[in-house]
Amino acid sequence: MIFDLSRTNSIANTFIAEMRDETIQKDSMRFRKNLERLGEFFAYEISKSLTYTEIETQTPLGIAKSKILKEQPVLATILRAGLPMQQGLLNVFDKADCAFITAYRKTKKSGDFIIQMEHISAPDLEGKTVILVDPMLATGLSMVLCAKELINRYKIEKLHIVAAIASTEGIKHVRANLPKADLWLGAIDEEMTSKSYIVPGLGDAGDLAFGIKS
């Protein structure tokens, strides 16, 4: 399943527009906030697909029946750019455990790059629903590498992938390698540069959120 926010009339599209805007995105605090708000939006949408159980709550005037989540998902992010979106998800799934993955592009002298994954810090994901977030789904290589590592370590029940901007090439790569995962995307762009940056995209999400890395 692929959910494409840009195909819906939603206030959340404003967050995407502001993140793309080369003037507005210079305000790093607002950029982070928009990523966070987008994470909250996707948490709400994903919550519709989860399992619920009915409870009875004592009010001052009687008993109210409500449906609550049967189990909280685990919220995983690829550092560092994914942190604000993960926080947005955590604002909604406020009892969820979190997982953190360190992965980055390691560029060769030729200009080509490989995805280097160094560290995973995660709770027990056995039988869990996992939401894995990274703002930019470009080639899809890092997303597939990180997701497969989690899947190889644990018997995950369900995987949801969240990204603010995705390329068509990246989507194809993820669908080919993670066919059971649901994708929740803010927008889908057709092009990528020779260095695998999405066009029109928005630039480097990590740098915009936390400062230019050396």
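Patch, cysteines and salt bridges

Modeller: L79, L83, F100 and F210 make a nonpolar surface patch of about 290 Å². Patches are built from residues with over 30% relative accessible area and no salt bridge, like charges being joined within 9 Å and nonpolar side chains (Val, Leu, Ile, Met, Phe, Trp, Tyr) within 5 Å. Areas come from the Shrake-Rupley method with a 1.4 Å probe, and for residues only the protein chains shown count as cover. This is a predicted model, in which local features need pLDDT of at least 70 and side-chain atom pairs count only at pLDDT 80 or more, while totals for chains, interfaces and linings use all residues. Residues are numbered from 1 along each chain as its sequence is written, and side-chain values use heavy atoms, with hydrogens and water left out.

F210 has a relative accessible area of 39% and is partly exposed, the class between buried (under 20%) and exposed (over 50%), with a 1.4 Å probe and protein chains only.

Next, the cysteines. The structure holds 0 disulfides, a disulfide being a pair of cysteine sulfur atoms within 2.5 Å. C98 is in no disulfide, and its nearest cysteine sulfur, that of C146, is 16 Å away. That distance is too far for a bond. C98 is partly exposed at 21% relative accessibility, whereas C146 is buried at 0%.

As for the salt bridges, the structure holds 9, each a side-chain nitrogen of Lys or Arg within 4 Å of a carboxyl oxygen of Asp or Glu. One of them joins D189 and R20, at 3.0 Å from N to O. D189 lies in strand β10 (residues 182-189) and R20 in helix α1 (residues 12-20), so this pair ties together parts 169 residues apart in sequence. D189 is buried, at 6% relative accessible area, while R20 is partly exposed, at 26%.

Another salt bridge pairs K128 with E71, at 2.7 Å from N to O. K128 sits in the loop between β6 (113-121) and β7 (129-133), and E71 in the loop between β3 (62-69) and β4 (74-79), so parts 57 residues apart in sequence are tied together. K128 is partly exposed at 22%, as is E71 at 44%.

E149 and R153 also form a salt bridge, with their closest N and O atoms 3.0 Å apart. Both lie in helix α4 (residues 141-153), 4 residues apart, about one turn of the helix.

Technical notes:
Helices (H or I, at least four residues) and strands (E, at least two) are DSSP runs, numbered from the N terminus.
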